[in-house]
Amino acid sequence: MNTRTTFGVLLLGAGLLLAGRSVIAHHAFGAEFDPNAPIRLQGKVVRLEWVNPHTWIHIETIKDGKPEIWMIEGGTPNTLLRRGVTRETVKVGTEIIVDGYQTKDHSLKRANGRDVTFTDGRKLFMGSSGTGAPKDGRDPTEAPKKPGGR
Amino acid sequence: MKFTMPSAFRVLAGLAVAAGLASPAIVTLHAQAPSVAKPWTMPRTPDGKPDLQGTWSNATITPLERAQGVTNLVLSADEAARLEKATADRVERLNQDSDPNRPAPPQGGDGSTGAAGNVGGYNNFWLDPGERVAVVDGQFRSSLIIDPPDGRVPPTTPEARARAQARMKAMAGRGQYDHPEFRPLAERCLLSFGPTTPLVPNYFYNNNLQIVQTPDHVMILMEMVHDARIVRIGGTHVARHIRPWMGDSIGHWEGDTLVVETTNFPLQQPFRGAAENLKVTERFRRVDAGTINYRFTVEDPTTFSRPFTGEIPFRATDELIYEYACHEGNYAMSNVLSGARNEEKRLGTKK
């Protein structure tokens with residue numbers, strides 16, 4: 001196998017790995033949310049539950065002139081805390097757009113935050129690409145790490 | 001993370017594009033690394049043992065099992081750089097703005113698979129699966145598994161397959177949503193969804209651990225679900241019928257290597273189908289100021305056709321490990337159960 005073919009296979013493997021990540025998580029999303037109940041919500045943040053295993057963002061929407069409170073499921077807050085994002089980062093009153101699916105229990109106003117953005121379409125937070133922010137000491141510009149937590 | 005089918009295709013396409021566009025600058029950077037060669041002496045605890053204490057990360061983009069068709073365990077620096085760039089590019093792509101006028105997602109589901117369950121999971125920014133190819137002894141690795149030579153978990157035995165079938169038969173007729181205890185241990189906040197032993201990354205988030213040593217115990221705290229493994233130094237395993245959540249770990253020192261043997265795993269959360277007769281032997285060897293080389297061997301002749309061994313670099317991190325209090329905020333568990341009841345009513349399938 002030549003180098004190019006080998007690398008192609010490696011990339012395919014990496015792609016499968018990335019797709020395969022969906023195999024694990026704290027819970028199976030399909031068990032909690034209803035694929036037959038898609039929703040698009042726009043409203044103001046009224047509360048953030050910055051908790052594990054999932055963050056919940058509470059927003060107030062208006063339906064038929066009446067306010068409704070929806071809870072939107074996100075991921076673990078720990079990864080964002082390490083990037084300096086806290087519960088205070090998103091201010092109460094911030095208007096956001098959410099698309100996702102309602103819980104299978106339709107008596108609850110809860111949904112997964114399939115895509116959570118500001119009203120101009122920007123993502124609510126940014127993922128870390130690692131470019132310029134390595135943690136493993138292999139970037140020569142990075143000071144050598146010693147284990148913390150001592 | 002949006003696990004839509006189209007995005008899965010975009011991942012593959014994006015990786016392929018990235019392969020052709022790998023930045024020469026990045027390749028050069030990695031050609032210079034890893035070359036930290038400062039004089040270093042093993043830090044030691046007051047009783048003279050290697051000091052493994054502190055916080056470490058086992059996050060990596062190197063998969064546990066090598067991709068089918070890849071023969072080499074060791075990648076070139078160029079191949080590693082391209083894989084890392086493809087990973088970074090994918091994150092950047094998923095950071096891009098969405099259409100503010102987007103409609104609700106498709107009726108009937110968005111086609112996402114796996115845990116995303118046809119409803120698309122959540123945004124990628126919640127995840128932190130690792131950014132780098134694993135480097136062990138200066139080698140960029142294509143898989144964490146180093147033996148068997150194909151880098152893959154060995155085939156399961158006929159006995160293991162028969163056991164899995166018997167388990168499915170025993171579960172037949174019981175709905176998976178009929179009782180809280182029928183739900184997975186991770187969903188119940190009892191253990192992480194990744195294995196506690198061996199310390200394989202979950203490729204999702206919070207791949208951090210803290211080691212604390214005393215002369216007679218070593219504690220390994222995993223961030224996920226705040227699981228603390230307590231390793232006794234010396235002694236023998238507890239009776240076979242005693243099955244702690246994370247198994248029973250006893251350790252000893254072989255020179256400067258901490259060797260930990262774990263058996264007595266609980267049957268409720270098997271590792272690749274192995275639990276009852278599973279034995280995992282781990283070797284922790286600190287190789288420089290910032291690295292523990294972690295090697296694990298998995299044995300269970302009733303499940304695997306042969307043992308297998310892997311290696312993972314634990315990199316020192318000065319990041320904080322945050323509490324992962326899971327049960328207290330676990331809306332998901334009640335949502336899953338009440339969802340099943342509500343759906344039964346709506347669909348007229350109430351038992």
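1. Start in chain B, where B:S57 stands opposite B:R315 in strand β13. This is a predicted model, in which local features need pLDDT of at least 70, side-chain atom pairs count only at pLDDT 80 or more, and totals for chains, interfaces and linings use all residues. Residues are numbered from 1 along each chain as its sequence is written, and chains are lettered from A and ligands numbered from 1 in the order in which they are written.

2. Strand β13 of chain B covers residues 308-316, and eight of its nine residues are buried, so the strand is largely enclosed by the rest of the structure. Buried means that 20 or more other C-beta atoms, placed from the backbone, lie within 10 Å of the residue's own. Strands here are DSSP runs of E, at least two residues long; helices are runs of H or I, at least four long; both are numbered from the N terminus.

3. Which strands pair with β13(B)? Strand β1 (residues 54-57) of chain B runs antiparallel to β13(B), joined by two bridges. Strand β5 (residues 145-147) of chain B is also antiparallel to β13(B), again with two bridges. There, B:I145 faces B:G310. Strand β12 (residues 291-299) of chain B pairs with β13(B) over eight bridges, in the antiparallel sense. B:T297 stands opposite B:T309 in that strand. Pairing requires at least two DSSP bridges between the strands.

4. Chain B is divided into domain 1 (1-32 + 74-141) and domain 2 (43-73 + 143-351). These bounds come from an automatic or database domain assignment. The C-alpha centres of the two domains lie 25 Å apart. Their contact takes 16 residues from domain 1 and 17 residues from domain 2. Contact means C-beta atoms, placed from the backbone, within 7 Å.

5. On the domain 1 side of chain B, the elements giving two or more residues are β2 (74-75), α3 (77-95) and β3 (135-136). The largest share, three residues, comes from α3(B). That side divides into nine nonpolar, two polar and five charged residues. Here Ala, Val, Leu, Ile, Met, Phe, Trp, Tyr, Cys and Pro count as nonpolar, Asp, Glu, Lys and Arg as charged, and the others, Gly among them, as polar.

6. The largest nonpolar core has 49 residues, and B:V133 and B:Y294 touch the most other members. Such a core is a set of buried Ala, Val, Leu, Ile, Met, Phe, Trp, Tyr and Cys residues joined through C-beta atoms within 7 Å. Both domains of chain B give residues to this core, so it lies between them. Beyond four places in sequence, B:Y294 touches B:L199, B:E282, B:F284, B:E311, B:I312 and B:F314. Apart from this core lies another, of 33 residues, including A:I39, A:I57, A:V98 and B:F125.

7. Helix α5 of chain B has 17 residues (331-347); at 1.5 Å a residue it should span 24 Å, and its end C-alpha atoms are 23 Å apart, which agrees. The expected span is 1.5 Å times one less than the number of residues. Its buried residues are B:A332, B:N335, B:V336, B:L337 and B:G339. Their cover includes α2 (29-32), β4 (95-103) and β5 (110-112) of chain A. B:G348 follows the helix, with a positive phi near 70°.

8. In chain A, is A:L124 buried or exposed? A:L124 counts as buried, with 23 C-beta neighbours inside 10 Å. It is found in the segment after β6 (115-118) of chain A. A:L124 and A:I96 are 28 residues apart in sequence and 8.1 Å apart in space, C-alpha to C-alpha.

Terms used: A residue is buried if 20 or more other C-beta atoms lie within 10 Å of its own, exposed if 12 or fewer, and partly exposed in between; C-beta atoms are placed from the backbone. Two residues are in contact if their C-beta atoms, placed from the backbone, lie within 7 Å.
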